[in-house]
2 protein chains.
Amino acid sequence: MAPDRIGRIEEGRATLSDVARAAGVSVATASKALNKRIHVKEETRKRVEAAALSLDFTPNFFAKALNSARTNTIGMVTSDLDNRFVLPILLGAEDAFGAGSLSVLLADARDDAMRERLHIETLLTRKIDGLLVVGRTTNPRPPVSIAADVPVVYVYAPSTDTADASFTPDNVLAGRLAARRLLEAGRRSIALVNGESSYAAAQDRARGVTQELREWGIALTGGESLFGQWGERWGRDCARLVASAHPDLDAIVAGSDHIARGVLDSLERLGRRVPDDIAVVGFDNWDILAAESEPPLTSIDMNLEHLGRAAAQALVEAIDGRPRTGLHQEVVRLVVRESA
Amino acid sequence: MAPDRIGRIEEGRATLSDVARAAGVSVATASKALNKRIHVKEETRKRVEAAALSLDFTPNFFAKALNSARTNTIGMVTSDLDNRFVLPILLGAEDAFGAGSLSVLLADARDDAMRERLHIETLLTRKIDGLLVVGRTTNPRPPVSIAADVPVVYVYAPSTDTADASFTPDNVLAGRLAARRLLEAGRRSIALVNGESSYAAAQDRARGVTQELREWGIALTGGESLFGQWGERWGRDCARLVASAHPDLDAIVAGSDHIARGVLDSLERLGRRVPDDIAVVGFDNWDILAAESEPPLTSIDMNLEHLGRAAAQALVEAIDGRPRTGLHQEVVRLVVRESA
DNA sequence: CTGTTAGCGCCTTCAA
DNA sequence: TTGAAGGCGCTAACAG
C-alpha cells in the first residue's frame, strides 16, 4: 500500500495499474474488463469492477485520448455570444450532446474572422471530434477552412458552400405562417413593417409573406420595401405612416417582435384597436417582449432550441460517420396570443 | 522522409521527433529548445525552431497534459444558460481568459443540482485548472463540493460560504444610485415597484433605495413592500394603483426594466407625463427594453461584462496561486436617458 | 481467457 | 550543451 511512485501521495488518483494489482490481474486485463471488451471471464470482470469502485478509479482522460481517435469533446464557435439568438441554440445543442458523455469547448469569435481562425486552431489542437459554428444572423457565411477531417455543422448562419451541413430556421415559412394567420382571419389589407434589408431574415420573411399573399390574390399594402431597423422606433414611425396613409389597413406584419412593440404603440396612439381594427403579428416569439405587451403579441417562434438540437444531433451523426450534408431549413411555428 | 510509423500518412501531424530529426538533434534537445529551457545553444534553438515552423509542428495537447499539472482549460458551469444575465458574464470571462491561451469547457446544469454534480465531475476528469460557477440569480447558493484542489470562483450567485471567492453585482448600490438620481432631481415622493420578494436582487435594491431616502429624511411612498413579479403586467398594475392613490407622486423606481416598461405604459394611460410629472428609473439597462421605449428609460447598468471579467481574472489569479477569497460586490452604474 | 510487450508524444532526470 | 533512457496512464497487438 505504500506509495510506489513519486507523486502518488499528493495526487490521490488511483490508476489502472492500482486497480489491476488490487484485483490480482494484469493492467491489460483490467483495461479490457472495464471497457466491456470481449474475452474477459465474467468473474474476473466483476472482480476488476469491484476493485475500480473501491479505489474510486477514474480513467485518465489524457492517457486515453493519447491513443484513441475520440476525445468526446466538441467545439462550439459562436460569432457573437452577446446575441440572444445563440442562447437557445446552445441550450438545444448542449441537450443533444447529453450530460457528461460529450463535453463542449466554447469559444467566442466576437464576429471577427481572425479570432475565429485562432479559436478554431486551438480547438483543433485539442482534437475535438466535431465543430459547431453558430452564426450571428441567418446570412450565409464563408465556410471555415479546416485541414483535418473534423466534421463541421453550421447553425443559424448557413455556410455559403451548400455542400456543407447547415441548419437555419425557415424564414420563408415564417413569413407564410404570419400572412396565413391574418388571411385566414379575414384580413385583406396587410402591410409589412420589416427589419433591415441587409438581413437574409428580413428578405426571407418578406418573400414568405408576399408568396402567401399572392396565392390569395393579394398584394402587400404599402409595398414590399418597408425596410428599416430592428427596433421599436422604426416600428412606431413606419406604422404611423402606413396606418395613416391606408385607412383601410387591417393588419400589420412586423419584421420582429421588437418592431411589433413599436407598431402596437403607434396604433394605440392612433386610436386603432388591436386586434379589432388592426391585427399585428411579429417574429421571434421573444417572450420578454411578446408575452406581456398590451395586447400580448401573436408571433412566429423560430424554434431555436430545436434548431440547436437538430444541428448538434447532425454533428454527432457526422462524427459517427453518417454525415447529413446540405442546407436544412428547420420548421418554425405560430404562437397565437391576442394581437392577431 | 518516408513515413516510419503506421498512421503517419493519414494523420499528417508532425511530432516532436520529426522536428528533432529534421533539425538533426535528439528529441530531448528539441523539447528543451522549444520550451525555452536553459542549457540550449542559441544556434541549436534557432535550428529547432526553424524545423518546427517548417513542419508546422504543434505539440500534442494530450501528451503534454499527461505529464504536467496544467491543462490551460477552465470549466464554466452555468445553472441556466437560458438566462439573459449569464451571457455578458460569459463574454467578460471569455475575454479575460484571452483568445487561445485558455480554453473554456462549458456545461449547463439546467438549474438542477444533480446535473451540476455530474457536470463538475466530468470537468474534473478533464483536469480543468479552475472552475467558474455562474448562478441564475444573485441569491446565495450552496458551494460546490470539490475534492481536488481546483480553485472555484462564483459569479452572480455568490456562495453561501463567505470564505469562497464570489463576485456579484452590488444591488444595494444600485438601489442607492437610482434613488439618488431622483432625489437630486428634486423628486420627493418616490414609490418602489419591485420584483419578486424571494429574489435577493429585489431585497437588496429595496434596501439601497430606502437607505438613500432615509439619508434625505424621506420615506418610500406606498410603503416598502410593493413586491410582485418581474414583468410588465405587474409594473402596469402596481403603477396604476400607487399613482392613483398618491396624486403627489413624482417618481417611481421600478425593480427592473421590464417592470419599468409596464410602469411607463400605465403612466401614459393615466395622462401623467414622463419625466415631467413622474420620473421613472429601472434596473438592468437591458437595451432592448430601455433604449427605445417612449421615453427612453434611465436605468442602472449592472456591469455584467465587467463582472464576468473580474471573476475570470480572479480565477486566473487563484490558479496562479494568488487567490482572492471572500465576497466581492462589484460596482454598478447609472445610465441616464430621458425618463429620469 | 489472460498476460507480456509495445507504443501514443512529450518531458525530465542523469550521463556523457 | 547534448542525448539516452525512463516514465506519464492507457490501449492494442500478440503470445501463451
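Predicted model: local features only at pLDDT ≥ 70, side-chain atom pairs only at ≥ 80, totals over all residues.
Residues are numbered from 1 along each chain as its sequence is written, and chains are lettered from A and ligands numbered from 1 in the order in which they are written.

## Chain A overall

Chain A contains 12 helices and 11 strands. These elements are DSSP runs numbered from the N terminus, with helices being H or I of at least four residues and strands E of at least two. The C-alpha trace spans about 90 × 35 × 35 Å along its principal axes. The radius of gyration of chain A is 27 Å, whereas a compact globule of 340 residues would have one near 20 Å; the radius is taken over C-alpha atoms, and the globule rule is 2.2 Å times the number of residues to the power 0.38.

Of the 340 residues of chain A, 49% count as buried. A residue is buried if 20 or more other C-beta atoms lie within 10 Å of its own, exposed if 12 or fewer, and partly exposed in between, with C-beta atoms placed from the backbone. Among the contacts in chain A with a separation of 6 or more, 70% join residues 24 or more positions apart; a contact requires C-beta atoms, placed from the backbone, within 7 Å.

## Nonpolar core

The largest nonpolar core has 171 residues, and A:L132, A:V280, B:L132 and B:V280 have the most contacts inside it. Such a core is a set of buried Ala, Val, Leu, Ile, Met, Phe, Trp, Tyr and Cys residues joined through C-beta atoms within 7 Å. Not counting residues up to four places away in sequence, A:L132 touches A:I74, A:G75, A:M76, A:A93, A:V153, A:V155, A:A311, A:A312 and A:L315.

B:V19 lies in helix 1 (residues 16–23) of chain B. B:V19 counts as buried because it has 25 C-beta neighbours inside 10 Å. Beyond four places in sequence, its contacts are B:A14, B:A30, B:V48, B:A51, B:A52, B:L55 and B:F57. Of these, B:L55 is 36 residues from B:V19 along the chain, with 7.0 Å between the C-alpha atoms.

## Interface between chains A and B

On each side, 36 residues of chain B are in contact with 36 residues of chain A. The side of chain B that touches chain A draws two or more residues from each of helix 4 (61–66), helix 5 (86–97), strand 2 (103–108), helix 6 (113–125), helix 9 (232–245) and helix 10 (257–270) of chain B. By class, that side has 16 nonpolar, eight polar and 12 charged residues. Here Ala, Val, Leu, Ile, Met, Phe, Trp, Tyr, Cys and Pro count as nonpolar, Asp, Glu, Lys and Arg as charged, and the others, Gly among them, as polar.

The copies meet through the same surface, because 100% of the interface residues of chain B are also interface residues in chain A.

## Surfaces near the DNA

DNA strand C is surrounded by 26 residues, the closest being A:A28, B:T15, B:L16, B:A28 and B:N60; a residue is near a strand if its C-beta atom, placed from the backbone, lies within 6 Å of it. Helix 2 of chain A and helices 2 and 4 of chain B each supply at least two residues. Helix 2 of chain B gives the largest share, four residues. The surface near DNA strand C divides into 11 nonpolar, 11 polar and four charged residues.

Around DNA strand D there are 25 residues, of which A:L16, A:A28, A:S31, B:S26 and B:A28 come nearest. Two or more residues come from each of helix 1 (16–23), helix 2 (27–34) and helix 4 (61–66) of chain A, and from helix 2 (27–34) of chain B. The classes near DNA strand D are 10 nonpolar, 12 polar and three charged.

## Backbone exceptions

Most residues other than glycine have a negative phi, and most peptide bonds are trans. The bond from A:V274 to A:P275 is cis, with omega near 5°, and A:P275 lies in the loop between helix 10 (257–270) and strand 8 (279–283) of chain A. Another cis bond joins B:E294 and B:P295, with omega about -5°.

A:K127, not a glycine, has a positive phi of about 50° and sits in the loop between helix 6 (113–125) and strand 3 (130–134) of chain A. B:R110, also not a glycine, has a positive phi of about 55° and is in the loop between strand 2 and helix 6 of chain B.

Key:
Contact = placed C-beta atoms within 7 Å.
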